[in-house]
Amino acid sequence: MKKVTQFELETRLWNSLTPREQEAASRILEFPVLSYSDHAEAMDISPHTFSQHMKSIRLKLSIESKIQLYALMLPYWQWLQEQESSED
């Protein structure tokens, strides 16, 4: 059986999220000190909807907090940002 690398795991986890969940996760990773209300306003959705996105993210990634999201996905998210920057 092939061993899955950390990068492959992070890719699979990120790709398990819907585009809006990815957007919500990106906002948490980019602006970790903002409140859910602030993130919701920036995404033009209600705070309840943002909270639902975060609940879904926590379930899909088997995490319990924003801090765990940050610890798990920050390196991969930073890599994604670098890829997007190099495409410009």
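## Crossing of H2 and H5

The axes of H2 and H5 approach within 9 Å and cross at roughly 95 degrees. The two helices are therefore roughly perpendicular to each other, as angles from 65 to 115 degrees count as such. The model is a predicted one.

Which residues of H2 and H5 make the contact? On the H2 side they are Ala-25, Ser-26, Ile-28, Leu-29 and Glu-30. On the H5 side they are Lys-66, Leu-69, Tyr-70, Met-73, Leu-74 and Trp-77. By class, the contact has 8 nonpolar, 1 polar and 2 charged residues. Ser-26 is the polar one, while Glu-30 and Lys-66 are the charged ones.

## The buried face of H3

H3 covers residues 36–43. Within H3, His-39, Ala-40 and Met-43 are buried. How are the buried residues of H3 placed around its axis? Viewed down that axis, they fall within an arc of 100 degrees, so they line one face of the helix.

What do the buried residues of H3 pack against? Their partners are helix H2 (19–30) and H4.

## Aromatic pairs

The structure holds 5 aromatic pairs. One of them joins Phe-7 and Tyr-76, with 5.5 Å centre to centre and 55 degrees between the planes. This pair is tilted. It links distant parts of the chain: Phe-7 belongs to helix H1 (residues 6–15), Tyr-76 to helix H5 (residues 66–87), and 69 residues separate them. Phe-7 is partly exposed, at a relative accessible area of 40%. Tyr-76 is buried, at 5%.

Another pair joins Tyr-36 and Phe-50. Their ring centres lie 5.1 Å apart and their planes stand at 65 degrees, so the pair is edge-to-face. The cut-off for that class is over 60 degrees. This pair also links distant parts of the chain, with Tyr-36 in H3 and Phe-50 in helix H4 (residues 47–61), 14 residues apart. Phe-50 has 0% relative accessibility and counts as buried.

Ring pairs also build a cluster. Its members are Phe-7, Trp-14, Tyr-76 and Trp-79.

Most residues other than glycine have a negative phi. Which phi does Asp-44 take? Asp-44 has a positive phi of about 60 degrees, although it is not a glycine. Asp-44 is exposed, with a relative accessible area of 72%.

Ser-62 is another non-glycine residue with a positive phi, here about 55 degrees. Where does Ser-62 lie? Its place is in the loop between H4 and H5. Ser-62 is exposed, with a relative accessible area of 68%.

Key:
Residues numbered from 1 in each chain as written. Predicted model: local features only at pLDDT ≥ 70, side-chain atom pairs only at ≥ 80, totals over all residues. Heavy atoms only, no water. Phe/Tyr/Trp six-rings, centres within 6.5 Å; stacked < 30°, edge-to-face > 60°. Helix = DSSP H or I, 4+ residues; strand = E, 2+ residues; numbered from the N terminus. Buried < 20%, exposed > 50% of the residue type's maximum accessible area, 1.4 Å probe, protein only. Arc of directions from axis to C-beta. Contact = heavy atoms within 4.5 Å. Axes fitted to C-alpha atoms, helices over the stretch in contact; angles between N-to-C directions. Parallel < 35°, antiparallel > 145°, perpendicular 65-115°, else oblique.
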